[in-house]
Amino acid sequence: MMRRHMLGAGIGLALALAPGAAAAQSFEAELAQTVKADYPSLETLYKDLHAHPEVGFLENRTAKILAARMRKLGFAVTEGIAKTGFVAIFKNGEGPTVLVRTDLDALPMAEKTGLPYASHAKQIVDGKETPVAHSCGHDIHMAWWLGTAQALLAHKDKWHGTLMFVGQPAEERGGATAMLADGLFERFGKPDVGFAAHVSSNATGRVSIKAGTTSSATDSLEIVFHGRGGHGSMPSATIDPVIIGARFVNDVQTVISREKDPATFAVLTVGAFQAGTVANIIPDEAVVKVNLRSHAPEVRTMLKAGVERTARAVAAMAGAPEPTIKATSGGAALVNNPGLSRHMADLLSPMLGDRLNFVAASAPPSAASEDYAEFVAAGVPSVFFSIGGYAPSVLADYKARSLPVPVNHSPYFAPDPAGAIPMGITVLTLAVIDAMNGGTKAISD
Ligand SMILES: [Zn+2]
């Protein structure tokens, strides 16, 4: 039923632009011209952003550059939303409001690609000087986001409505939630529909759309086990938080293996265990950091409860005080609107053919997380695309040498801007124009 309806709506773009599919074809050709002409300056911008990465909530230079470019295009720009976030609005007559979001942040890690434009940047992160790199490809996102704004303005006879271009800080550290808390939708209106995309380690030219739940919910918890410190030769005079923490690390895995339904997805990782200084001192506290991933909301609740209960129980077993448990970050699972996802696949499939990978809502989502989920959870029906970032020849070379392809967050992650950026612009521009021309009818509940 839904599928029929959406196929009908899928023709909307062709009808809106000019009668017949041939006209839609020619718009794609026109758009390709625009993208080609814009690409050299976008590549320059990309390489500059890549060489000057900034971590979440410290993207001052990055935000300034993009805000200035958007102002120059004629957008009304408001900066300083959730520190380094900003919103750029462009009104072009009556029509829906369409959100297009880019993230701005880089990662606190050293780049090892050896590229001529590789990052050597450092920033103070949590009080420590740390190397910084765009190893998740958010610099690619910024380039295609700006390119999309340029393409939409170059073809503003093809659509009517309001563009709401959001530069979001700190994708890795709760930036979407921070923008919402800073009144993003109260101050600038809630968009009717939203689009965003992430570069992947798939081949350039390939675009994936997963309907329904596409990423996992994530929660990070920090647990401080309080003991009683003392001399290593006199354990009976102490309460040893290292033993408590070690017991916790083992026992907490039974939340996954014994409490969770084996048919449902969840991951529990203890990524950090910090205690003590030298061998003969029993420290007075141990800090354990836990990360959780889940898809179903009830599993998410069960995991958090299981972790907290286990932490309190191991402390009680040792006669130690109650541990301090703090949620350090968290985010919902990203849900692509099923109707709009199918509709976007129908829209892009004539252009992409078998380079389009549509994944049904019933297929399992990925374990990765993405904080665009917060905009969806706040009521913006959306499609989040995944866009291939590696030249097929580079992928073939890795395969021939039996080496794994460096994925996002690898210090060797090195997407191909010339392949990824134009595709990102094309997909996002077509999506926005379609939404402005009746595509929002495909949104399902
Ligand atoms: Zn990312």
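Reader: Hi! Which cut-offs apply to this predicted model, and how are residues numbered?
Author: Hello! Residues are numbered from 1 along each chain as its sequence is written. In this predicted model, local features need pLDDT of at least 70 and side-chain atom pairs count only at pLDDT 80 or more, while totals for chains, interfaces and linings use all residues.

Reader: Thanks. Which domains does the assignment give?
Author: Domain 1 covers 2-215 + 333-442, and domain 2 covers 217-331. These bounds come from an automatic or database domain assignment.

Reader: And how far apart are the C-alpha centres of domain 1 and domain 2?
Author: They lie 37 Å apart. The contact between them takes 11 residues from domain 1 and 8 residues from domain 2. Two residues are in contact if their C-beta atoms, placed from the backbone, lie within 7 Å.

Reader: What classes of residue are on the domain 1 side that touches domain 2?
Author: That side has 5 nonpolar, 3 polar and 3 charged residues. Here Ala, Val, Leu, Ile, Met, Phe, Trp, Tyr, Cys and Pro count as nonpolar, Asp, Glu, Lys and Arg as charged, and the others, Gly among them, as polar.

Reader: What is Val100 in contact with?
Author: Leaving aside neighbours within four places in sequence, its partners include Trp145, Leu163, Phe165, Leu428 and Val432.

Reader: On to sheets. What is the order of the 8 strands in the mixed one?
Author: The order is 1-2-6-3-7-18-8-17, in an open sheet. Two strands pair if DSSP finds at least two bridges between them.

Reader: Is strand 6 enclosed or open to the outside?
Author: Strand 6 (residues 161-168) is largely enclosed by the rest of the structure, because 8 of its 8 residues are buried. Strand 2 (residues 85-92) pairs with strand 6 in the antiparallel sense over 7 bridges, and there Phe90 has Leu163 as its bridge partner. Strand 3 (residues 97-103) pairs with strand 6 in the parallel sense, over 7 bridges, and Thr102 is bridged to Gly167.

Reader: What about the open sheet of 4 strands?
Author: Its order is 12-14-10-15, with antiparallel pairing. Strand 12 (266-275) and strand 15 (324-331) are the edge strands, each with a single partner, so one side of each lacks a neighbour in the sheet. Strand 10 (residues 217-226) and strand 14 (residues 285-294) pair over 10 bridges, with Ala217 opposite Ser294 and Leu221 opposite Val290. Strand 10 also pairs with strand 15, over 7 bridges, where Val224 stands opposite Thr324.

Reader: Which strands does helix 8 lie across?
Author: Helix 8 (residues 241-251) lies across strand 10, strand 12 and strand 14, and runs at about 15 degrees to strand 14. Axes are lines fitted to C-alpha atoms, for helices over the stretch in contact, and angles run from 0 to 180 degrees between N-to-C directions.

Reader: Last one: why does Leu184 count as buried?
Author: Leu184 counts as buried because it has 25 C-beta neighbours inside 10 Å. Leu184 is found in helix 7 (residues 184-188) and touches Ile81, Val87 and Met179, not counting residues up to four places away in sequence.

Key. Helices (H or I, at least four residues) and strands (E, at least two) are DSSP runs, numbered from the N terminus. A residue is buried if 20 or more other C-beta atoms lie within 10 Å of its own, exposed if 12 or fewer, and partly exposed in between; C-beta atoms are placed from the backbone.
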